[in-house]
Amino acid sequence: MKCPHCKRATSSVVVKTLMAAILVNEQECNVLAYCCPVCGAIISAQADPVALANYIVDEVTEQLQQRPDASQPKRKEAGDKGSREDK
Ligand SMILES: [Zn+2]
């Protein structure tokens, strides 16, 4: 692969962690930046998948713990469709 900035050929990238501000909800998230090992330019960036997965697990766990009734939701009886009474 060629770096789009310095045009040098490279078979590796340097991964750096950055913080990105999410302007909508004024939070920050971890970002991975993939950089050229020759010139250091950022070639690509994405949300840190591990940090994102941990965030989702934490949020879901917190929501489940805040439910007033944490037991299983009641389900409708199965096989109870249109039973006839023969007279
Ligand atoms: Zn470069």
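Five bridges join strand 2 (residues 27-35) to strand 3 (residues 42-47), and the two run antiparallel. Strands here are DSSP runs of E with at least two residues, helices are runs of H or I with at least four residues, and both are numbered from the N terminus. Two strands count as paired if DSSP finds at least two bridges between them. The model is a predicted one, in which local features need a pLDDT of at least 70 and side-chain atom pairs count only at pLDDT 80 or more, while totals for chains, interfaces and linings use all residues. Residues are numbered from 1 along each chain as its sequence is written.

On confidence, pLDDT is the predictor's own score for each residue, from 0 to 100. The chain averages 84, and 78% of the residues score at least 70. Confidence is lowest in strand 1, with a mean of 89, and highest in strand 3, at 94. Where pLDDT is low, the predicted coordinates should not be read in detail.

The three strands make an open sheet in the order 1-2-3, with antiparallel pairing. Strand 1 and strand 3 sit at the edges with a single partner strand each, so one side of each has no neighbour in the sheet. Neighbouring strands of the sheet are turned against each other by 30° on average, direction ignored; the axes behind this angle are lines fitted to C-alpha atoms, for helices over the stretch in contact, and angles run from 0 to 180 degrees between N-to-C directions.

Next comes the pairing in detail. Strand 1 (residues 14-22) is joined to strand 2 by nine bridges, and this pair also runs antiparallel. Val15 has Tyr34 as its bridge partner in strand 2, Thr17 has Leu32, and Met19 has Asn30. The two strands form a hairpin with four residues between them, and Glu26 in that turn has a positive phi of about 55°. On the other side of the pairing, Ala33 stands opposite Ala45 in strand 3. The hairpin of strand 2 and strand 3 has six residues between the strands, and here Gly40 takes a positive phi near 85°. Another positive phi, of about 65°, turns up at Lys7, which is not a glycine. Lys7 lies in the segment before strand 1.

A residue is called buried if 20 or more other C-beta atoms lie within 10 Å of its own, exposed if 12 or fewer do, and partly exposed in between, with C-beta atoms placed from the backbone. Strand 1 is hardly covered, as the count of buried residues among its nine is zero. Lys7 has 10 other C-beta atoms within 10 Å and is therefore exposed.

Leu32, placed in strand 2, is partly exposed because it has 16 C-beta neighbours inside 10 Å. Leaving aside residues up to four places away in sequence, Leu32 touches Val15, Thr17, Ala45, Gln46 and Asp48; such a contact needs C-beta atoms, placed from the backbone, within 7 Å. Leu32 and Leu18 are 14 residues apart in sequence, with 6.2 Å between their C-alpha atoms. Across the chain, 31% of the contacts between residues at least 6 apart in sequence join residues at least 24 apart.

Helix 1 (residues 49-66) has 18 residues, which should span 26 Å at 1.5 Å a residue, and its end C-alpha atoms are 26 Å apart, which agrees. The expected span is 1.5 Å times one less than the number of residues. The number of buried residues in helix 1 is zero, so the helix lies largely in the open. Tyr55 belongs to helix 1 and is partly exposed, with 15 other C-beta atoms within 10 Å. Tyr55 and Cys29 are 26 residues apart along the chain, and their C-alpha atoms are separated by 9.4 Å.

Terms used
Contact = placed C-beta atoms within 7 Å.
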